[in-house]
Amino acid sequence: QVTECYDGGIICSYSSSPAIGACTITDNVYKEGGGMAIEQNSSPTVTNCTIRDNSAPSGGGIFIRRGEVDRDALQLAVEWLRAGNVFGMSPEGTRSKTGALGRAKTGAAYLVQQTGVPVVPAAIWGTETAVQTLLHLRRPRVFTRFGPVFELAAIDESDRMVGLRRNTDEIMCRIAALLPEQYRGAYAGHPRLLELLASTDTPE
């Protein structure tokens with residue numbers, strides 16, 4: 001059992017490949033990956049573990065540093081979803097410097113293709129000014145909005161990358177539809193977003 005650690009529950013780094021099994025990882029805190037951080041080409045095997053109630057600014061449960069961990073990390077996420085768990089991720093794979101949406105990676109669509117799970121879109125805005133507002137001793141206003149659950153279309157394996165990109169755009173347009181106009185970024189003029197805006201109420 002790994003609990004109440006303030007430098008994270010488990011950190012996998014330097015190309016490590018540990019086998020982690022039958023563990024309870026709870027109530028840990030760290031800057032990236034409260035429960036588990038996977039980085040520097042590491043590829044752990046995690047089985048029969050409970051990872052809950054951990055916290056971090058990035059990846060409260062599991063943090064995967066994009067660009068360093070690839071297929072093995074995605075397979076870990078696939079197994080987590082197939083076990084009936086909830087998995088949250090930022091499809092863009094990075095923080096926005098402006099607060100507006102950037103072009104997303106296809107990882108989220110890949111996970112859905114592999115598992116068939118439904119998607120709940122979530123949008124957050126106001127974080128780009130939160131720190132400066134706090135430094136001026138004022139309470140920041142950060143907003144979160146969730147959209148209705150939806151399922152993605154099946155992907156034709158003969159044209160897989162096109163299907164992954166189409167489904168990625170579907171996810172991002174549904175997120176964009178939850179955001180005020182100035183935050184829609186790379187998806188502001190997307191035809192699918194315009195369809196969604198025409199059929200739903202938009203945030204003020």
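1. Leu193 is buried, with a relative accessible area of 0% (buried means under 20%, exposed over 50% and partly exposed in between, using a 1.4 Å probe and protein chains only). Leu193 lies in helix H5, residues 191-199 (helices, H or I with at least four residues, and strands, E with at least two, are DSSP runs numbered from the N terminus).

2. This is a predicted model, in which local features need pLDDT of at least 70 and side-chain atom pairs count only at pLDDT 80 or more, while totals for chains, interfaces and linings use all residues. Residues are numbered from 1 along each chain as its sequence is written, and side-chain values use heavy atoms, with hydrogens and water left out.

3. Leaving aside neighbours within four places in sequence, Leu193 is in contact with Cys173, Ala176, Ala177, Arg184, Tyr187 and Ala188 (contact means heavy atoms within 4.5 Å).

4. Three strands form an open sheet in the order S2-S5-S8, with parallel pairing (two strands pair if DSSP finds at least two bridges between them). Strand S2 (10-12) and strand S8 (62-64) stand at the edges with a single partner strand each, so one side of each has no neighbour in the sheet. Three bridges join S2 to the parallel strand S5, residues 36-38, and Ile10 has Met36 in S5 as its bridge partner.

5. Phe146, found in strand S10 (residues 143-146), is exposed, with a relative accessible area of 58%.
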